[in-house]
Amino acid sequence: MSKRTQNTIDWTFSRKHLMIMNWWAPSSPVRNSFGILLDGSIRSGKTLPGSCSYTLWSFYAFPNGGQRFFFAGKTIGTVRRNVVDPLYDAAPYLGLSIVDHRTDNMIEICDANNRKHEFHLFGGNDERSQSLIRGFTGAGGFFDEATEMPESFVNMALSRLSVEGATAWFTTNPDNPNHWFKKDFIDRALEKNLIYLHLTMRDNLSLSEAVLARYESLYSGVFYRRFIKGEWCAAEGVVYPEFISRDDLVFDFNGDWSQYGEMAVSCDYGTQNAHVYLLFAWHIERKRWEAVKEWYQDGRGTGNQMSDNEKYDALLSFVGNLPVRDVIIDPSAASFAAMIRKAKRFRPVGADNDVSNGIAYTASLFHINKLAVCLDCKMLIAEIGGYRWDSKQVDKGKDVPVKEHDHSVDALRYFAFTHIRRYEKRYGILISREAA
């Protein structure tokens, strides 16, 4: 079990937030609905009112305690960050207390009369995740960022809500309009006896005009329409259009390494496919990360498939005497990461390979001029120029780039979504925190 200190909460709720809080109350005309769907822009206030209402409902619907419920998200970590931590802060205001059983992935919530319910935490990361919740019997389910979870997991979790009077709660940011969740749940909300409520940042009355403007400055293109405007729209054309249209995102390196601070390398591992190293450095005056140099070896194109030892020697030569410690590496390259670790010259860091969110994050870095590419990185620039969304997959509701000529852009995304995101606060980059 673990405990933590609560933070204060601004309880300035809009009309829509009040609807979220009391839709199940005795006087509500929609109290007999099976559940509620909440979609809309980032920072619109979906998760906190939703999770607070969900827990309060649990004690209203099952006043004797002793029931089991669940919170589900893409991973246990995201459920804790997005739902459990804010709920822990809110609990004293609601007359509730929380005990976290971390090893069991369960929180126990207790009301003022010492009646308790269990809320189990599940991660729906891939198709195999449905097995994690199979056999569970619940009185309610809360799905945080439902579009991030596989359809099979969501359907399996819903099938476990077999207690009489059980409800389902969903939150999500907009995605592709052909996404299965949009078509099967939002478009069919009335048929499924679900309340549908769309929110924007303007519904979050705790946000000032200055804060709203700051959030709006983080995104462009399709991500602006989804995350800021709250629109369900398709990703089409080039993946990074802003990089192509802006001259300030490319630069000519003058050979002076003293203008840089921290450095790191990102690697996309390949055998027959290309093997790529990109060296990134933080420019002290321009205050941004820059891809300064690249190394690219195409095993299939050259007919020369290098061994891991040869690739490591190439890494040593590529870095030279530069103060590089971290190598962010393709998570599928376990043997090469082990070799790097054993040699002790570098520290291998497994890359976060979340393609969709990684692309959104990288695009935001370009938009706010916190990521740029040297003209010497010719393969990377060429790949960015031809990097496009797969139109066939877009029609199926999936945001997937065309899988060709993408090894350098993969290394770019690995570095952005793993290294920059991990240390963004140190460099005044607040994308992750702002978008939460």
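## Charges over rings

Arg286 lies over the face of Phe251, 5.4 Å from the ring centre. Likewise, the charged end of Lys293 sits over the ring of Phe318, at 4.7 Å from its centre. A charge sits over a ring here if NZ of Lys or CZ of Arg is within 6 Å of the ring centre and within 35 degrees of the ring normal.

A word on the model before going further: it is predicted, so local features need pLDDT of at least 70 and side-chain atom pairs count only at pLDDT 80 or more, while totals for chains, interfaces and linings use all residues. Residues are numbered from 1 along each chain as its sequence is written, and side-chain values use heavy atoms, with hydrogens and water left out.

## The seven-stranded sheet

An open sheet of seven strands runs in the order β9-β15-β12-β11-β10-β13-β14, with mixed pairing. Its edge strands are β9 (250-251) and β14, each pairing on one side only. Strands (E, at least two residues) and helices (H or I, at least four) are DSSP runs, numbered from the N terminus, and two strands pair if DSSP finds at least two bridges between them. Strand β12 and strand β15 (residues 371-374) run parallel, joined by three bridges; Trp289 has Leu371 in β15 as its bridge partner.

Two helices pack here. Helix α14 (residues 378-386) touches β9, β11, β12 and β15, and its direction makes about 95° with that of β12. Helix α11 (residues 308-319) lies across β10, β11, β12 and β13 (324-329), at about 25° to β11. Axes are lines fitted to C-alpha atoms, for helices over the stretch in contact, and angles run from 0 to 180 degrees between N-to-C directions.

Ala264 belongs to strand β10 (residues 260-268) and, at 0% relative accessibility, counts as buried. Buried means under 20% relative accessible area, exposed over 50%, and partly exposed in between (1.4 Å probe, protein chains only). Leaving aside neighbours within four places in sequence, the contacts of Ala264 (heavy atoms within 4.5 Å) include Leu278, Phe280, Val324, Ile328 and His419. Ala281 is 17 residues from Ala264 in sequence, with 6.6 Å between their C-alpha atoms.

## Strand β2 and its partners

Five of the six residues of strand β2 (residues 68-73) are buried. This strand runs parallel to strand β5 (residues 116-123), joined by six bridges, and Arg68 stands opposite Glu118 in β5. Strand β2 also pairs in the parallel sense with strand β6 (residues 140-143), over three bridges; there, Phe71 has Phe142 as its bridge partner.

## Aromatic pairs

The structure holds 45 aromatic pairs. Rings of Phe, Tyr and Trp (its six-membered ring) pair if their centres lie within 6.5 Å; planes under 30 degrees apart count as stacked, over 60 as edge-to-face and the rest as tilted. Phe243 and Phe366 form a tilted pair, because their planes are at 50°, with ring centres 5.1 Å apart. Phe243 lies in helix α9 (residues 241-245) and Phe366 in helix α13 (residues 355-367), so the pair ties together parts that are 123 residues apart in sequence. Both Phe243 and Phe366 are buried.

Ring pairs also link a cluster that includes Trp23, Tyr54, Phe71, Phe142 and Trp169.

## Two lysines with positive phi

Lys287 has a positive phi of about 55° although it is not a glycine. This lysine is found in the loop between β11 (274-283) and β12 (288-298). Lys344, also not a glycine, has a positive phi of about 70° and is found in the loop between α12 (334-343) and β14 (347-350). Lys287 is partly exposed, at 47% relative accessible area, whereas Lys344 is exposed, at 69%.
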